[in-house]
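Reader: I am new to this structure. Please show me how to read it, one feature at a time.

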Amino acid sequence: MSQTPTSNSKSVWRSLDWFTILLYGALLAMGWMSVCGASYDFDQAGNFFDFGTRSGMQIVWIGTSLVLASVILATDDRLIESFSYLIYIGFLVVLFITPFLAHDIKGSLSWIKVGSLSIQPAEFAKFGTALCVSKVIAAFDLRMDRFRDFVVCSVLVLAPMVLIVLQKETGSALVYLSFFLMMYRYGMPGSILFTAVAAVVYFVVGIRYADVPLWEDTPTRLGECCVLLLIHLFSVGLMLVYTALRMPAFKVLAYGLLALLLAVGTDRYALPFDIAYVQWGVMAGMMLYLLYLSLRERLLRYLYIAFFAIGSVGFFYSANHVLTEVLEPHQQMRIRVLLGLEDDPRGAGYNVIQAKIAIGSGGLEGKGFLNGTQTKLKYVPEQDTDFIFCTVGEEEGFIGSATVLLLFLLLILRLIHVAERQPHAFGRVYGYCVMSIFLFHVFINVGMVLGLTPVIGIPLPFFSYGGSSLWGFTILLFILLRIDASRGRLSR
Amino acid sequence: MKEASQKHYQLQKRKYVIGGIATIIILVYIARLFFLQLMSEDFKQNADSNAFLKRVQFPARGTIVDRNGKLLVYNQPAYDIMVVMAEQAGIDTADICRTLGITPAQYERRMTEIKDRRRNPGYSPYTQQLFMNQLSADEISSFQEKMFLFPGFYVQKRTIRQYQYPYAAHVLGDVGEVGPEDLENDDYYRRGDYIGTQGVERSYEKVLRGVKGTEIMLRDARGRIKGHYQNGKFDQPPVPGRNLTLSLDVELQALGERLMTGKKGSIVAIEPATGEVLCMVSSPTYDPRMTVGRQRGKNHLLLSRDPDKPLLNRAIMGQYPPGSTFKTSQALTFLQEHVITPSTAYPCSHGFHFRGLTVGCHGHGSPLPLVPAIGTSCNGYFCWGLYNMFGNRKKYPTVSDAMTRWKDYMVSMGFGYKLGIDLPGEKRGLIPNAEFYNNAYRGSWNALTVISISIGQGEVNLTPLQIANLGATIANRGYYVVPHVVKDIQGEQLDTLYTRKHRTMVDRVHYETVVQGMRRAVLDGTCRRANTPMYEVCGKTGTAQNPHGQDHSVFMGFAPMEHPQIAICVYVENGLWGATYGVPIGALMMEQYINGKLSPESEEQAKIYSGKYLITPIHYVANPNIQ
């Protein structure tokens, strides 16, 4: 099936992935309804198309996004690919100068004014970075299991991230971490991903429950206890995955849990004491056993697992120490607020409580379109941007919000499928970049509204009000669809 | 090759891992939704109650006491009447008007105002709108008895400020409704909230305001309140504001305001060692109680229309020529730059005469060295000093270099820039620099052109606070702490800005010489009236020439000479000689602070001076009927 460039424009429509576009359309429509609900005033009475209102403006953003999408589909994907580096470098320059031009919006220096429009370059830099990373990986045949290649790739991703942190938009910057999921697909050792996730989990769990006692009248802290248990379980998991012998892993698991159970029982019903002492004992025992195993089986992997466990314990206690002893109180506060740990009534904690009340009040079927009282009376801050999922939960209930989540899951799985079927490395890598970015946004945004992840202010794709983010996601998605439409072309 | 393809196959499998991660995340979220929406205990409760009512609870604002713990500002309850338009129907308008003491026309006008979106952008018929504000407990009680007759009307309890004394209005400032700018910049505020607008109420707003609380109430379909949501689990009690201790001494402040009756000007007193402001008088002044209650708007209009500008805090916003008080700073500069030594003597025959330029002076011995020159406030001496400094081409290649050097000294003494006092609206005064004169004279100027800056005239302008701070710096022999009016903040350290010592560019030994000069002025110079056997006073008068009218009377001094407790600046606009008003008022203030009271003779003096009027005194007091 060879095609000449002239016949391309026709075949684009035929080979377009209409399933993804259907999902895109469905999400856009539900998103717009939510913006209507979130920004609706009781007596505004149906003027959703009035450009003075948020819902009216969102129509403008949706319209312009569709125009953008058509323009992208009409462009030759090879042209887009060849401009990848230029686009990336252009965005680095824009990101660099943004803080100097920006006007301060609630402490963030990420918005610049173009005419009467306020634009957030950080939302667009994502597709630039995705293009550039894909192009570099494809052109130089980089493999993420080679250290040098991995470093090159990481630098490309971290550069815009640092620039965005300088704009005091930590949330948008963290999105770039999603590129590591793509790198995992292309060979980054799973242990790196696993270690990074483990570190984040230790940190968040450890800090969040640092001062919470396991129950009344015990010196045991819930955070410390949980993290030590997690290290124990992770180590057992690693033994099961990376070594051939099953028995030792089960032994470590069984003896460790038994000791913990005894300790918990004693603490609860007999003599209250700090369970962490017992857990340290379990750790020490596990280390010695791993050392013994590595000598007996002459297998270094046991030693690595021991290192992992020691490193994890060290990381947990030093992170704790740095947070509570080394950092100034106001810096501590900032981290705690960023993690959503501080119950500052008008800050993060307030938002999460209000969000939970709003969602909880939705019930099974919701209160119906425009009938949400929680979001309507402006109890939920940022209700049409970062906390838009509240409106979905309140007005559409469990049925509606679960549907939205399933649609997102479908989109993400479809993107994996689309990425995997690309004949060229550029398209494959780009596809995974897009998918990872969407996954990260949904993971953090919905998780934050549900009180499961830290409060990090990033938009929910296609739902949150705002031109910059909607345009950004549309460009990101439609470049992939354009590349995908030419997948039949063999030579590039 | 085989290994590579196996590797490829291995990686191929990772798509399932990634897909699995995404699926698990979404499933966990759906499970969470399930628990939040379908399993939580209040799900059934919510079935019959379809709305929440969030009530804001306003915290009590922090109180303010003076340096001796005397209560200055506290809170008193006040009541706002709120109305929900959609709920008010079938009300007997005549009855409600009678109960509230308003006319039906006023009632209708207020209702129209509320519904007018241009004037009330936050309007919604479903939320509470302000109908009448700041009613007293007496006024509200009859309304509350009949409230069941007026559906849609609510009473919101607030606290408003109340003042123990009629003094220090400029320092205390006031509290008013939050404006559009603060609404924009700070998420904390909602329309109709109160915010400090002037004085320490403004600069310590975040300390004083506390944190608002919220109550989440359940409401049924007819709007009746059924109780706290989940028994108040999500309620947040308000956190009261924290208290402030001012450095002001209210007795001293009271005397200062009394002495300045019928005069325009300012008195600033500072404790030299700490930079604490002991009193800050700006005259004419007004009773701070005028800024609370429903008369607030009317009173504000009255005050802002007075041509004598009682709202202006002259102590930090008035920029005046310092006159001869400035000579002390010149003596210090000349000594440090080796232009003069304490024994250098300059001639003065009724002034400074040179190349046709004359700066007049009064009769005294000639030639004379520095200490008597300060004592008699000799103009000629300081003109010669500046001329010799600016003319020294060996030390300063150009006159601009000399000017820049001179300016650096002035800036190190706290002039030319805001000192950074913890009050809003401070002005910086003016210390000219070389560029200033280059622009003014197109580059053609020399020491003679600018000679009048040496005697505190010409372009130089200082605020009374800066003059008092000069006194404090001399009292400290070479350093100052940035003056501040707040001594203690409950539960918080004072900013290090207000504890750090700023050294000037002049050595301590030169300060001793100037202190001798200021002592001489009190013993047998221009400030003789400030002399007292009780303690050793040092002082310097100023008679600032005023092209628009009568000269200004200035006094800067401190006491006692060793271990000074108070440094002071008195500035009386159009008060003629420094000795006419500045010296006697300064002397009385120092006596009050150091002795804690005035002697009977001094009390007589105070009566005389408080009765001398330069302008028609208007006593701005709050209307007692509404208190």
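Author: We go from whole chains to single residues and pairs.

Reader: What kind of model is this, and how are its parts numbered?

Author: This is a predicted model, in which local features need pLDDT of at least 70, side-chain atom pairs count only at pLDDT 80 or more, and totals for chains, interfaces and linings use all residues. Residues are numbered from 1 along each chain as its sequence is written, chains are lettered from A and ligands numbered from 1 in the order in which they are written, and side-chain values use heavy atoms, with hydrogens and water left out.

Reader: How many helices and strands are there in chain A?

Author: Helices (H or I, at least four residues) and strands (E, at least two) are DSSP runs, numbered from the N terminus. Chain A has 20 helices and two strands. Chain B has 22 helices and 20 strands.

Reader: What share of the residues in chain A is buried?

Author: Buried means under 20% relative accessible area, exposed over 50%, and partly exposed in between (1.4 Å probe, protein chains only). Of the 492 residues in chain A, 53% are buried. In chain B, 54% of 627 residues count as buried.

Reader: What share of the contacts joins residues 24 or more positions apart?

Author: Contact means heavy atoms within 4.5 Å. Take the contacts with a separation of 6 or more. In chain A, residues 24 or more positions apart account for 70% of these. In chain B, they account for 72%.

Reader: Where should helix 12 of chain A end, given its 24 residues, and what span should I expect?

Author: The expected span of a helix is 1.5 Å times one less than its number of residues. Helix 12 of chain A covers residues 247-270, so its 24 residues should span 34 Å. Its end C-alpha atoms are 33 Å apart, which agrees.

Reader: Which residues of this helix are buried, and what covers them?

Author: The buried residues of helix 12 of chain A are A:P248, A:A249, A:V252, A:G256, A:L260, A:A263 and A:D267. Their cover includes helix 11 (222-242) and helix 13 (276-297) of chain A.

Reader: How many residues are in the largest nonpolar core?

Author: A nonpolar core is a set of buried Ala, Val, Leu, Ile, Met, Phe, Trp, Tyr and Cys residues joined through side-chain atoms within 4.5 Å. The largest has 118 residues. A:M182, A:M183, A:F389, A:Y430 and A:F462 have the most contacts inside it. Helix 18 of chain A (residues 388-420) gives the largest share of this core, 17 residues. A second, separate core has 100 residues, including B:V73, B:Y163, B:Y387 and B:I451.

Reader: What does A:F462 touch?

Author: Leave out residues up to four places away in sequence. Among those A:F462 then touches are A:Y24, A:L28, A:F408, A:F438 and A:F473.

Reader: Is A:S34 buried or exposed?

Author: A:S34 counts as buried, because its relative accessibility is 6%. This serine sits in helix 2 (residues 18-39) of chain A. Beyond its neighbours within four places in sequence, A:S34 contacts A:I388, A:T391, A:V392 and A:F463. A:S34 and A:E396 are 362 residues apart in sequence, yet 9.2 Å apart in space, C-alpha to C-alpha.

Reader: How many salt bridges are there over all chains?

Author: A salt bridge is a side-chain nitrogen of Lys or Arg within 4 Å of a carboxyl oxygen of Asp or Glu. The whole structure has 37. One joins B:D95 and B:K146, with the closest N and O atoms 2.7 Å apart. B:D95 is in helix 4 (residues 93-100) of chain B, and B:K146 is in the loop between helix 6 (137-145) and strand 5 (153-163), 51 residues apart. B:D95 is buried at 9% relative accessible area, whereas B:K146 is partly exposed at 27%.

Reader: Which residues form a salt-bridge network?

Author: A:D17, A:R414, A:R421, A:D484 and A:R487 are linked in one.
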